[in-house]
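Biologist: Hi, I'm new to this one. Could you walk me through it?
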Amino acid sequence: MPETVQESGADGVGADAEEQLTDGGSQNGEAEHASSGEELLVREGDIAGDYLEQLLDLVDYDGDIDLDVEAGRAIVSIEGGDDLEKLVGPRGNVLEALQELTRLAVQQETGTRSRLMLDIAGWRADRREELADLGRATAEKVLAEGEKVRLQPMTPFERKVVHDAVAQIDGVHSESEGEDPRRRVVVFPKP
């Protein structure tokens, strides 16, 4: 049952406060929902951190695990240790596989699909910068030449970074074409 505050004039609590509390507490409800969503993401990060810590112990690699929440997803980073590059693999293939395994471990524990992002040895952060540069350079080329450009096949993460970079340039747009694992970004001049 909704809580009601009595109007008392002297303490400044009036009809506005009563409306907020008797309308179902929409402002508090939204804050609680946002808080519970962030709590779930923190829990996802904790579960992922435990899973990855066991993995590092199993392969006898050193690494520090950092947990964060950004843009509505749990971010898990492993830094340090000379062997971590082996967990990235060529073009991040091992990293992508570990991210999927970690998501499955989180899903098994929470019962909900996870969108967590895993980065190892700063590879994903470095790759994001490279891809943003590629997206901007490709967009500039398309603007200058007026012809569409097809890029090499990319992972969903890579395509998103390129799409975001292209979207910042006026006069061009990008789309993805093809099927995974051969899905690629195509940058077009705007008509």
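Predicted model: local features only at pLDDT ≥ 70, side-chain atom pairs only at ≥ 80, totals over all residues.

Biologist: OK, how many salt bridges does the structure hold?
Modeller: There are 10 salt bridges. One of them joins Asp83 and Lys86, whose closest N and O atoms are 3.6 Å apart.

Biologist: What about Glu158 and Arg127?
Modeller: Their side chains form a salt bridge too, at 2.9 Å from N to O. That pair links distant parts of the chain, 31 residues apart: Glu158 sits in helix H5 (residues 156–167) and Arg127 in helix H4 (residues 123–145). Helices (H or I, at least four residues) and strands (E, at least two) are DSSP runs, numbered from the N terminus. Both Glu158 and Arg127 are buried.

Biologist: Which residues are linked in a network with them?
Modeller: Salt bridges tie Arg91, Arg127, Glu130 and Glu158 into a network.

Biologist: And where does Arg159 come in?
Modeller: Arg159 meets Asp180 in a salt bridge, 3.2 Å from N to O. This is another link between distant parts of the chain, 21 residues apart, with Arg159 in helix H5 and Asp180 in the loop between strand S5 (172–177) and strand S6 (184–189). Asp180 is partly exposed at 49% relative accessible area, whereas Arg159 is buried at 8%.

Biologist: You mentioned strands. What order do they take in the sheet?
Modeller: The order is S4-S6-S5, an open sheet of three strands with antiparallel pairing. S4 (149–153) and S5 are the edge strands, each pairing on one side only. Two strands pair if DSSP finds at least two bridges between them; S4 and S6 are joined by three. In that pairing, Val149 stands opposite Val187 in S6.

Biologist: Which helix packs on the sheet?
Modeller: H5 does, touching S4, S5 and S6, and its direction makes about 160 degrees with that of S5. Axes here are lines fitted to C-alpha atoms, for helices over the stretch in contact, and angles run from 0 to 180 degrees between N-to-C directions. Contact means heavy atoms within 4.5 Å.

Biologist: Switching topic, how many residues has helix H3?
Modeller: H3 (residues 93–110) has 18 residues and reaches 26 Å from its first C-alpha to its last, close to the expected 26 Å. The expected span is 1.5 Å times one less than the number of residues.

Biologist: Which of its residues are buried?
Modeller: Among them are Leu95, Leu98, Gln99, Thr102 and Val106. Thr110, also in H3, is buried with 18% relative accessible area.

Biologist: What is Thr110 in contact with?
Modeller: Leaving aside neighbours within four places in sequence, Thr110 is in contact with Leu40, Arg43 and Ile47. Just after H3, Gly111 takes a positive phi of about 85 degrees.

Methods
Residues numbered from 1 in each chain as written. Heavy atoms only, no water. Buried < 20%, exposed > 50% of the residue type's maximum accessible area, 1.4 Å probe, protein only. Salt bridge = Lys/Arg side-chain N within 4 Å of Asp/Glu carboxyl O.
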